[in-house]
Amino acid sequence: MRLKLNTYVVIVAVLAVSIFDLSAQTGTPGITKAVAPGTAQYQTLRLKSKLMNREMPYRVVLPTAYGDSGETPRFPVVYLLHGLTGHFDNWTNRTKLVDYALPGNVIIVTPEGDNGWYSDSITVATDKYESYIVKELIPEIDKLYRTSAKRENRFIAGLSMGGYGSVKFGLKYPEMFSLVGSFSGALGATSFTEKTAGNIGKGVDLIFGADDSELRKSNDVFRLIREMPADKKKTLPFVYQSCGTEDFLFQNNRDFVALLAEKQVPHEYRQRPGAHDWKFWDLEIQEFLRLVERRIKK
């Protein structure tokens with residue numbers, strides 16, 4: 001995070017309070033719940049991951065159109081990532097996501113990311129959250145559901161830790177996603193250490209190692225943008241970024257969007273009154289889904 005060292009005390013104090021608001025009790029795996037007859041539904045499933053060496057829960061939200069009889073169209077997919085201390089069911093439990101999916105034309109998948117920063121850990125061999133999503137979960141979704149597996153119809157977004165994860169996926173795998181969204185993104189995640197950010201930084205240390213490690217460098221979204229070859233920038237997904245003006249990550253987000261503008265990366269940035277909370281994220285997922293619908297390729 002591109003901030004002066006003496007600001008970390010304030011950030012960690014606020015983050016320690018805010019991130020616990022992201023958690024919610026997980027639902028019962030294997031349950032298919034219809035919200036109401038003829039409306040959207042969600043399914044809670046588990047993938048037996050070889051990379052993670054355990055079963056990984058995830059939730060799938062289906063629009064009404066998915067169950068219509070007659071034609072069997074292919075549906076675009078939105079992967080929606082949760083925040084630190086959160087879980088795969090946060091988006092459906094803490095927002096009206098299912099209601100928003102009802103009139104839409106996309107499948108929404110909410111993966112489990114634990115506190116892994118959507119990255120492959122340098123210290124825990126079976127914590128490969130990045131590889132799991134890219135190499136196992138996405139192919140699994142394309143196999144189980146009538147998806148449009150084209151890059152143009154695959155999107156990814158998230159809040160806080162998930163905002164960092166979605167931007168990172170878009171920068172590292174531009175061939176897989178055409179649009180990424182970051183709401184209140186913790187975009188400076190790789191700069192956290194135990195020394196500067198306490199227990200949160202300690203968790204980041206376990207994933208990325210020493211503060212000058214190559215793994216940190218290769219997962220630093222600021223660095224990825226700065227060092228990206230000009231020809232590769234032309235292939236990047238469109239970036240939708242937002243942050244509330246009362247959010248403790250506000251300046252970090254302003255720094256990142258300034259970098260996007262400097263490097264001429266196509267993007268849209270929105271800021272408005274709001275904090276690091278579910279009220280802001282509930283509004284932002286609505287905005288993002290509207291943007292998705294406009295960008296769907298038939």
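Q: Helices (H or I, at least four residues) and strands (E, at least two) are taken as DSSP runs, numbered from the N terminus. Which strand holds Leu81?

A: Leu81 is in strand E4, residues 77-81. This is a predicted model, where local features need pLDDT of at least 70 and side-chain atom pairs count only at pLDDT 80 or more, while totals for chains, interfaces and linings use all residues. Residues are numbered from 1 along each chain as its sequence is written, and side-chain values use heavy atoms, with hydrogens and water left out.

Q: Is Leu81 buried or exposed?

A: Leu81 is buried, at a relative accessible area of 0%. Buried means under 20% relative accessible area, exposed over 50%, and partly exposed in between, using a 1.4 Å probe and protein chains only.

Q: What does Leu81 touch?

A: Taking contact as heavy atoms within 4.5 Å, and skipping neighbours within four places in sequence, its partners include Trp91, Tyr118, Ile133, Ile156 and Phe169. The C-alpha of Leu81 also lies 7.4 Å from that of Gly113, 32 residues apart along the chain.

Q: Phe169 again. Which core residues have the most contacts?

A: In the largest nonpolar core, which has 56 residues, they are Ile107, Val109, Trp117, Leu137, Ile141 and Phe169. Such a core is a set of buried Ala, Val, Leu, Ile, Met, Phe, Trp, Tyr and Cys residues joined through side-chain atoms within 4.5 Å.

Q: Which helix gives the most to this core?

A: H4, with seven residues. A second, separate core of 26 residues includes Val78, Trp91, Trp281 and Leu289.

Q: Switching to Asp247: where is it, and what is the nearest side chain of opposite charge?

A: Asp247 sits in the loop between strand E8 (238-244) and helix H10 (250-262). Asp247 is buried without a salt bridge, and the nearest oppositely charged side chain, Arg272, is 10 Å away. Lys and Arg count as positive, Asp and Glu as negative, with His and the chain ends not counted; a salt bridge puts a side-chain nitrogen of Lys or Arg within 4 Å of a carboxyl oxygen of Asp or Glu.

Q: How many helices and strands overall?

A: The protein chain has 11 helices and nine strands, and 55% of its 298 residues count as buried.
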